[in-house]
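Let's take a walk through a protein model together. Keep the sequence and the 3D view side by side, and follow along as we go.

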Amino acid sequence: MKYEQPVGKPFSKQYSSANIYFSLSFFSSSINANTFLSPLCSCQELGTSLNILKQEMKSICGLVVLFFVMLPHAAAYDPLDPTGNITIKWDVVSWTADGYVASVTMSNFQMYRSIVSPGWTLGWQWAKKEVIWSMVGAQTTEQGDCSKFKGNVPHCCLRKPVVVDLLPGVPYNQQFSNCCKAGVVSAWGQDPSSSVSAFQVSVGVAGTSNKTVKLPMNFTLLGPGLGYTCGPAKVVPSTVYLTADHRRKTQALMTWNVTCTYSQFLAAKNPKCCVSFSSFYNQSITPCPKCACGCQNKSNCVVSDSKQAHKKGINTPRKDNAPLLQCTHHMCPIRVHWHVKLNYKDYWRVKIAVTNFNFRMNYTQWTLVAQHPNLNAVTQVFSFDYKPLVPYEAINDTGMFYGMKFYNDLLMEAGPQGNVQSEVLLRKNKDTFTFKHGWAFPRKVYFNGDECLLPPPDAYPFLPNSAKVNSITISTMVVSALLFLFIIS
C-alpha cells in the first residue's frame with residue numbers, strides 16, 4: 001500500500017545560547033569602558049552610556065526569557081521524525097435540535113511511535129455547558145452528575161470528559177469505523193491502515209450552527225502514559241468524502257483539528273531502555289550503564305531464578321501500569337543488544353536482540369529505530385521487517401525494525417519468551433567502512449519511540465592492536481618451528 005508522509009511545518013526558529021552569547025558580545029563591544037574610567041568624561045556622555053546599558057540589559061533579559069519559554073516546546077521536536085504528530089479531527093456531520101453529531105478521528109502520523117496497550121485516553125474541556133448524549137465506538141470513563149435531566153439521561157455530563165476506546169468484540173450497534181481496538185494504534189511508518197482510531201459523539205446543549213458552536217479546549221492525550229502535549233482546536237476547511245461509487249463528493253458541515261506532539265522529557269525523567277554492545281573481534285561485552293533507567297524500582301525487583309518469578313499472576317498488569325522488573329544492574333524494562341557478528345569481504349553482519357525485563361508488560365507492534373551510516377546499504381534483514389526512514393532526503397542513515405505480523409510482532413513479558421532477535425546483513429562502503437573507534441555501533445537507538453541510553457564511547461569494544469597481534473602470531477610460529485625441528489632431529 002502506497003502512502004505519503006504527512007507534510008508538516010518545520011520547527012520554528014529557536015533562540016539558542018549562541019543568540020544570547022551574540023547579544024552579550026554586542027553589549028560588551030557597544031559600551032566603551034574608557035567612558036566610565038576616564039575622569040574627563042562629561043555628564044552627557046555618562047548619561048548616554050547609561051541609556052545604552054539600560055537598552056542592552058532589556059534586550060538580553062528579553063532573549064533569556066524567550067529562550068526559557070520556548071525550551072519546553074523544543075523538547076517535542078524529534079529530529080528523526082520532524083513532522084511526526086497525532087492529529088485529532090472533529091467533523092460535524094449533522095446538526096441536532098440542541099447540538100451536533102461529530103465524527104472524531106485520531107490519526108497517528110508518527111513514523112515509529114505507536115500507542116500500545118492499554119491504549120489511548122483522550123480528554124478535553126467544554127467551552128460552555130455541553131453534554132454528551134451518546135457515543136459510538138468509544139465511551140467516557142465517568143458519567144458525572146446528570147440529575148437535572150428528566151427522561152433521557154446523557155451519556156456524560158462532566159465539564160471535562162475523559163474518553164477511552166472500546167474493547168474488541170463489542171456488539172455491532174456500538175461499533176464505528178476504525179474503533180474498538182482497546183486504544184492500540186500503530187505507527188504510520190509501520191502500518192498506515194492501523195494508524196487510525198475513530199468514534200462518533202452526539203453533543204447536546206451546544207451550538208446548532210457554524211457561528212454558535214464553541215470549540216472544545218484544553219485537550220489532553222495519554223498514549224498510554226504521559227508525554228503528549230496538545231495544542232488548541234483550530235477550524236480548518238471541511239473534510240470532503242467520496243461516496244462508495246466514487247462519483248459524488250460530500251463534505252462535513254464543520255471541521256476542526258487538534259495537533260498533539262510527543263516529548264520524551266515530559267514522559268519520564270529517566271530513559272526507558274538501554275543498549276549493550278559486543279563484537280567478534282573482542283571478547284569483552286559492553287553492558288548497559290549502571291542504573292541506566294534509574295534504580296527507583298531496585299527495592300521491589302524480582303530475581304530471574306527465584307520462586308517469585310514463576311508465581312501465578314505475576315504477569316497481571318496493575319491499573320497504574322507500575323512495572324515489575326527483573327533485577328539487573330541497569331534496571332531498564334528493555335535492553336537492546338547490538339552484536340557485530342561476522343566480517344566478510346564485501347559484507348558484514350550484525351545481530352540485534354531486544355529483551356523485555358518487565359513482568360507486567362508485553363509490547364504489541366513494537367518498533368526499533370537505529371541510526372548508523374551503513375544503514376544506507378542494508379542487504380537483508382532475516383527475522384524482522386525493515387523500513388528506511390529518510391526525514392532528510394540527502395541523508396539515509398536511519399532505519400526502523402519491527403516484528404513480522406503473527407510471528408514476532410509481540411514482545412512477551414520478562415522470562416524465557418521475552419525476547420526477539422534478528423540478524424542484519426550490510427554491504428560495505430569501502431570508503432568509510434572500519435571497525436576502529438566504535439564505528440560499527442549505532443549512533444542512536446530508539447525503542448517504541450523513546451531514545452535508549454548508550455554506553456559511554458570509551459567503553460565500546462575496541463579493535464585489538466594489529467601490531468601486537470602480528471608479534472604474537474610471529475612468536476608462535478617461531479616456537480612451533482623450533483619445536484618441530486627438535487622433534488624430527
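Let's start with the links between cysteines: searching the whole structure turns up eight disulfides, a disulfide being a pair of cysteine sulfur atoms within 2.5 Å. Before we look at some of them, a word on the model: it is predicted, so local features need pLDDT of at least 70 and side-chain atom pairs count only at pLDDT 80 or more, while totals for chains, interfaces and linings use all residues. Residues are numbered from 1 along each chain as its sequence is written, and side-chain values use heavy atoms, with hydrogens and water left out.

Find Cys 273 and Cys 452, which are joined by a disulfide with an S to S distance of 2.0 Å. This pair links distant parts of the chain, 179 residues apart: Cys 273 is in strand β14 (residues 273–279), and Cys 452 is in the loop between β26 (450–451) and α5 (466–488). Those labels come from DSSP runs numbered from the N terminus, with helices (H or I) of at least four residues and strands (E) of at least two. Why is this disulfide called left-handed? The torsion about the S-S bond of Cys 273 and Cys 452 is about -95°, so the link is left-handed. Both Cys 273 and Cys 452 are buried. Here buried means under 20% relative accessible area, exposed means over 50%, and partly exposed is in between (1.4 Å probe, protein chains only).

Now look at Cys 274, whose disulfide partner is Cys 288, with the sulfur atoms 2.2 Å apart. Cys 274 lies in strand β14 and Cys 288 in the loop between β15 (282–286) and β16 (334–343), so this pair ties together parts that are 14 residues apart in sequence. The S-S torsion of Cys 274 and Cys 288 is about 85°, so this disulfide is right-handed. Cys 274 and Cys 288 are both buried.

Cys 293 and Cys 332 make another disulfide, with 1.9 Å between their sulfur atoms. Cys 293 and Cys 332 are both in the loop between β15 and β16, yet they are 39 residues apart. Their link is right-handed, with 95° about the S-S bond. Cys 293 counts as buried because its relative accessibility is 5%, and Cys 332 is buried too, at 0%. What about Cys 156? Cys 156 is in no disulfide, and the nearest cysteine sulfur, that of Cys 157, is 6.6 Å away.

Next come the charged side chains. The whole structure holds seven salt bridges, where a salt bridge is a side-chain nitrogen of Lys or Arg within 4 Å of a carboxyl oxygen of Asp or Glu. One of them pairs Asp 450 with Lys 272, their closest N and O atoms 3.5 Å apart. Asp 450 is in strand β26 and Lys 272 is in the loop between α4 (264–267) and β14, so to speak distant parts of the chain, 178 residues apart. Is Asp 450 buried or exposed? At 7% relative accessibility, Asp 450 counts as buried, whereas Lys 272, at 34%, is partly exposed.Another salt bridge joins Glu 423 to Arg 349, with 2.7 Å between the closest N and O atoms. Glu 423 lies in strand β24 (residues 419–427) and Arg 349 in strand β17, so the pair ties together parts 74 residues apart in sequence. Glu 423 is buried, with a relative accessible area of 16%, and Arg 349 counts as buried at 16%. Salt bridges that share partners join Lys 341, Arg 349 and Glu 423 into one network.

Stay in strand β17 (residues 347–356), where you'll also find Asn 356. Asn 356 counts as buried because its relative accessibility is 1%. Leaving aside neighbours within four places in sequence, Asn 356 is in contact (heavy atoms within 4.5 Å) with residues including Pro 333, Tyr 363, Leu 411 and Gly 418.

Finally, zoom out. The protein has five helices and 26 strands, and 42% of its 489 residues count as buried. Among contacts between residues at least 6 apart in sequence, 72% join residues at least 24 apart.
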